[in-house]
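This briefing goes with the sequence and structure shown below. Please have both in view while reading.

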Amino acid sequence: MAIYGNTIGEVAEPAVLDGLIDSQDDQSTIGQTIDPALIEEVRTGLQQTPKRLSSRFFYDAEGSRIFQDIMHAPEYYLTRSEYEILDSYKADLLDLFAVGDRSFDLVELGAGDGLKTKLLLSHFVEEQADFAYAPVDISVDALNGLVADVRRSWPSLRLNARHDDYFNALAQLSEESDSRRVVLFLGSNIGNFTPDEAVDFYRQLHDRLRPGDLVLTGIDLQKHPAVIHAAYNDRQGLTRAFNLNLLRRLNRDLDANFDLAAFDHYETYSPETGEARSYLVSQKVQIVRIDTLDMTVPFAYGEIIHTEISRKFTPAQIEQLAQQTGFRVVKSFTDCKGYFTDVVFEKV
């Protein structure tokens with residue numbers, strides 16, 4: 001679960017977090033500025049066949065809170081698996097990042113609360129590594145919390161947080177520093193891209209990096225389909241609540257009248273394609289009004305809104321992605337069950 005497709009990381013007003021910034025900049029409530037990307041997504045996505053909404057809009061305050069609960073659900077192995085990898089191999093990663101005690105900028109795309117990254121920060125600071133941390137996220141609330149936590153835990157750590165488009169942030173950091181850049185793209189965010197989008201994203205990354213720069217990517221691996229299916233259909237109903245909260249956000253931000261009880265969560269996983277897909281399903285014939293857009297949206301019984309794709313990879317597909325985008329695979333680290341891998345790509 002993460003931000004979707006080629007809209008990842010887009011924000012209307014880029015900003016550098018030289019300190020905590022006003023969280024109102026990131027709110028979308030009636031009477032305040034509404035995210036134009038949300039307006040465009042709803043206007044176009046709900047007129048397509050099948051209907052779709054980007055999962056990048058899952059993460060309002062309530063959605064982020066629900067996702068924190070999902071990460072602790074017994075069925076949701078992804079966070080635990082990657083946490084295990086980073087904890088087990090943090091020394092190996094530092095050796096790769098700081099060859100010859102070289103300074104580096106640790107740039108995290110979609111930093112969120114930095115739960116897993118703090119494992120690396122703690123070890124790197126303890127080892128007196130010469131590095132700066134530059135978290136990048138579209139959520140001001142998330143960045144504010146992360147900045148406060150990092151400054152409290154490691155007050156001497158050089159911090160350069162960015163509320164900005166991922167690629168803008170990388171370009172600006174390149175102009176500001178000659179240090180090696182090590183980009184973190186954790187949490188299986190790459191799984192939210194179609195194959196073409198993944199190639200395009202990594203080519204854009206390649207264009208904004210220098211030879212020798214690294215990208216550490218968290219990637220969920222293909223495994224028994226039942227394990228994957230259960231991760232997106234937890235018994236507590238957290239994933240269902242997370243998916244439905246997207247409609248709650250539209251009701252609040254765009255003055256819509258979605259009846260959440262009239263929609264259900266549905267998940268599929270195809271072991272042939274490696275794709276887990278999430279949908280919202282209309283449980284009756286209905287018409288939804290979205291006043292802010294002066295728009296009505298008809299739904300047939302059983303009609304879907306596609307909200308998320310989460311791709312799972314094979315090792316061969318990972319190698320192919322590197323070859324197609326100007327990278328090489330330096331090293332792969334896997335959890336004890338072989339569920340998840342963190343791969344170090346190097347620009348060549």
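How many helices and strands does the secondary structure of the protein come to? There are eleven helices and 15 strands. The model is predicted. The points below cover overall dimensions, the nonpolar cores and a few backbone details.

**Overall dimensions and surface**

- The protein has 348 residues and a radius of gyration of 20 Å, which agrees with the value near 20 Å for a compact globule.
- Along the principal axes, the C-alpha atoms fill a box of roughly 65 × 45 × 35 Å.
- Buried residues make up 53% of the 348.
- The accessible surface comes to about 14700 Å², and carbon and sulfur atoms account for 48% of that.
- Of the contacts between residues at least 6 apart in sequence, 74% join residues at least 24 apart.
- The side chains include 34 positive and 55 negative ones, with the centres of the two sets 2 Å apart.

**Nonpolar cores**

- The largest nonpolar core consists of 72 residues, and L106, Y133, F258 and I290 are those with the most contacts inside it.
- Helix α10 (residues 238-254) supplies the largest share of this core, namely seven residues.
- Another core lies apart from it and has 30 residues, including L109, I190, I219 and F345.
- Beyond its neighbours within four places in sequence, I290 is in contact with V42, L46, L254, D255, A256, F258, M295 and V297.

**Backbone details**

- Most residues other than glycine have a negative phi, and most peptide bonds are trans.
- The peptide bond joining T49 and P50 is cis, with omega about -5 degrees.
- P50 sits in the loop between α1 (36-45) and β2 (51-52).
- Q128, which is not a glycine, has a positive phi near 60 degrees. Its loop runs between α5 (117-126) and β4 (131-136).
- Q128 has a relative accessible area of 72% and is therefore exposed, the cut-off being over 50%.
- D255 is also not a glycine, and its phi is positive at about 55 degrees. D255 is located in the loop between α10 and β9 (263-270).
- D255 counts as partly exposed because its relative accessibility is 39%, and D255 is one of the residues in contact with I290.

Terms used:
Residues are numbered from 1 along each chain as its sequence is written. This is a predicted model: local features need pLDDT of at least 70, side-chain atom pairs count only at pLDDT 80 or more; totals for chains, interfaces and linings use all residues. Side-chain values use heavy atoms; hydrogens and water are left out. A nonpolar core is a set of buried Ala, Val, Leu, Ile, Met, Phe, Trp, Tyr and Cys residues joined through side-chain atoms within 4.5 Å. Buried means under 20% relative accessible area, exposed over 50%, partly exposed in between (1.4 Å probe, protein chains only). Helices (H or I, at least four residues) and strands (E, at least two) are DSSP runs, numbered from the N terminus. Contact means heavy atoms within 4.5 Å. The radius of gyration is taken over C-alpha atoms; the globule rule is 2.2 Å times the number of residues to the power 0.38. Accessible areas come from the Shrake-Rupley method with a 1.4 Å probe; for residues, only the protein chains shown count as cover. Lys and Arg count as positive and Asp and Glu as negative; His and the chain ends are not counted. The place of a charge is taken as NZ of Lys, CZ of Arg, CG of Asp or CD of Glu.
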